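Subject: Handover of a structure and notes on its contents

Dear colleague,

Please find below the structure that I am passing on to you. My notes on what was found in it follow directly after.

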Amino acid sequence: PCTLLLTRRCCFIMLNSRLLVQRGYGKLFDETFSSASVGYKKPQEEFYEYVIARIPFEKKDVLYWDDDPKHIEVAEKLGMPSNLYTTVDDFRATVK
């Protein structure tokens, strides 16, 4: 399996410096995609198309989670199975 992190620019800067690097969480992800590095932001279709073109498996095999219904809508439109969560408990329940 391959684990990806898709995030917004502001979140990526914080994640990159605090969590991904200093705390070692970056080892949990095979690849990270941020709007800062991609040049598009969620929910632009181009953002998801950029990611889909660079992952080593088919988009139908992606398990995508987000807390914004607009992002879910676009990801599903492009063929990525998607799950909406609004709390950490929602996310945990879906992952199990």
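A residue is called buried when its relative accessible area is under 20%, exposed when that area is over 50%, and partly exposed in between. By this cut-off, K42 and D66 are both buried. Please bear in mind throughout that the model is predicted.

The side chains of these two residues, K42 and D66, form a salt bridge, with an N to O distance of 3.0 Å. The pair brings together distant parts of the chain: K42 lies in the loop between α2 (35-38) and α3, D66 lies in strand β3 (residues 64-66), and 24 residues separate them.

In total, the count comes to 3 salt bridges. Another of them joins the side chains of E45 and K77 at 2.5 Å, N to O. This pair also links distant parts of the chain, with E45 in helix α3 and K77 in helix α4, 32 residues apart. E45 has a relative accessible area of 27% and is therefore partly exposed, whereas K77, at 60%, is exposed. A further salt bridge is formed by D61 with K60, whose closest N and O atoms are 3.4 Å apart. Here D61 counts as partly exposed because its relative accessibility is 44%, and K60 counts as exposed because its relative accessible area is 53%.

Turning to the overall fold, the protein chain contains 5 helices and 4 strands. Read from the N terminus, these elements follow the order β-α-β-α-α-β-α-β-α. Of the contacts between residues at least 6 apart in sequence, 44% join residues that are at least 24 apart.

Which residues touch the most other members of the largest nonpolar core? They are F33, F47, Y48, Y64 and M80, in a core of 14 residues. Both α3 (45-54) and α4 (69-77) supply at least two residues of this core, and α3 gives the most, with 4 residues. In soluble globular proteins, nonpolar side chains tend to be buried together.

Finally, some totals for the protein chain may be of use. Buried residues account for 28% of its 96 residues. Its accessible surface is about 6600 Å², and carbon and sulfur atoms contribute 51% of that surface.

With kind regards

Terms used. Residues numbered from 1 in each chain as written. Predicted model: local features only at pLDDT ≥ 70, side-chain atom pairs only at ≥ 80, totals over all residues. Heavy atoms only, no water. Buried < 20%, exposed > 50% of the residue type's maximum accessible area, 1.4 Å probe, protein only. Contact = heavy atoms within 4.5 Å. Areas by Shrake-Rupley, 256 points an atom, 1.4 Å probe, with all protein chains shown as cover. Core = buried A, V, L, I, M, F, W, Y, C linked by side-chain atoms within 4.5 Å. Salt bridge = Lys/Arg side-chain N within 4 Å of Asp/Glu carboxyl O.
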